[in-house]
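Trainee: I am new to this model. Could you take me through the terms, one by one?

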Amino acid sequence: MEKIIIFDDNCGICNFAINFVKTKSVGKEIVYIQNSYLPNNDFNFLLDSNDIKKLANETVIYIDKYGFYTKIKAVAKILIEMKFPYWLFGKILNKTLLIILLNPLYDFVARNRSKISRVFGLERCKVNETL
């Protein structure tokens, strides 16, 4: 099974992060899916695409042959796919309790991503600020 990253393409932070990952990945097969592309018949294998689309509006999703990951756990898995030093940080993050501690920070950024994107001048942030 391929590795899949589903992200909110209406979010400036998400687009910036995905572009960064693409430039730093180590050439492993990763499929990047914009959540606006869901549901699509090509992705029926992704459980219920409508549920995934709703979840992808709230968090990045990483799927591999071992499981389905969201929030900081997904970020850790994505970091592991990247070049040094990012993969090392991903390995450390993936094996520690930092994931539990960082999820509230992830939630804060996700709730405020429109404002944060605007502050940093990131494009394509069309996220409703009341999320």
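**Contacts, cores and rings**

Mentor: Start with Ile78. Neighbours within four places in sequence aside, Ile78 is in contact with Ile5, Val21, Val60 and Tyr62. Contact means heavy atoms within 4.5 Å.

Trainee: What stands behind these values?

Mentor: This is a predicted model, where local features need pLDDT of at least 70 and side-chain atom pairs count only at pLDDT 80 or more, while totals for chains, interfaces and linings use all residues. Residues are numbered from 1 along each chain as its sequence is written, and side-chain values use heavy atoms, with hydrogens and water left out.

Trainee: What makes a set of residues a nonpolar core?

Mentor: The members are buried Ala, Val, Leu, Ile, Met, Phe, Trp, Tyr and Cys residues, joined through side-chain atoms within 4.5 Å. Buried means under 20% relative accessible area, exposed over 50%, and partly exposed in between (1.4 Å probe, protein chains only). The largest nonpolar core here has 18 residues. Ile5, Val60, Tyr62, Ile78 and Leu93 have the most contacts inside it.

Trainee: Which element gives the most to this core?

Mentor: Helix α3 does, with five residues. Another core lies apart, of six residues, including Ile4 and Ile33.

Trainee: Why is the crossing of α3 and α4 given a hand?

Mentor: Helices are DSSP runs (H or I, at least four residues; strands are E, at least two), numbered from the N terminus. A crossing is left-handed if the near helix is turned anticlockwise from the far one by less than a right angle, and right-handed if clockwise. The crossing of α3 and α4 is left-handed.

Trainee: At what angle do α3 and α4 pack?

Mentor: At about 145°, with their axes 7 Å apart. Axes are lines fitted to C-alpha atoms, for helices over the stretch in contact, and angles run from 0 to 180 degrees between N-to-C directions.

Trainee: Why is the pair of Phe84 and Trp87 called tilted?

Mentor: Rings of Phe, Tyr and Trp (its six-membered ring) pair if their centres lie within 6.5 Å; planes under 30 degrees apart are stacked, over 60 edge-to-face, the rest tilted. For Phe84 and Trp87 the centres are 6.0 Å apart and the planes at 55°, so the pair is tilted.

Trainee: How do you know whether Phe84 is buried or exposed?

Mentor: Phe84 has a relative accessible area of 56%, so Phe84 is exposed. Trp87, at 34%, counts as partly exposed.
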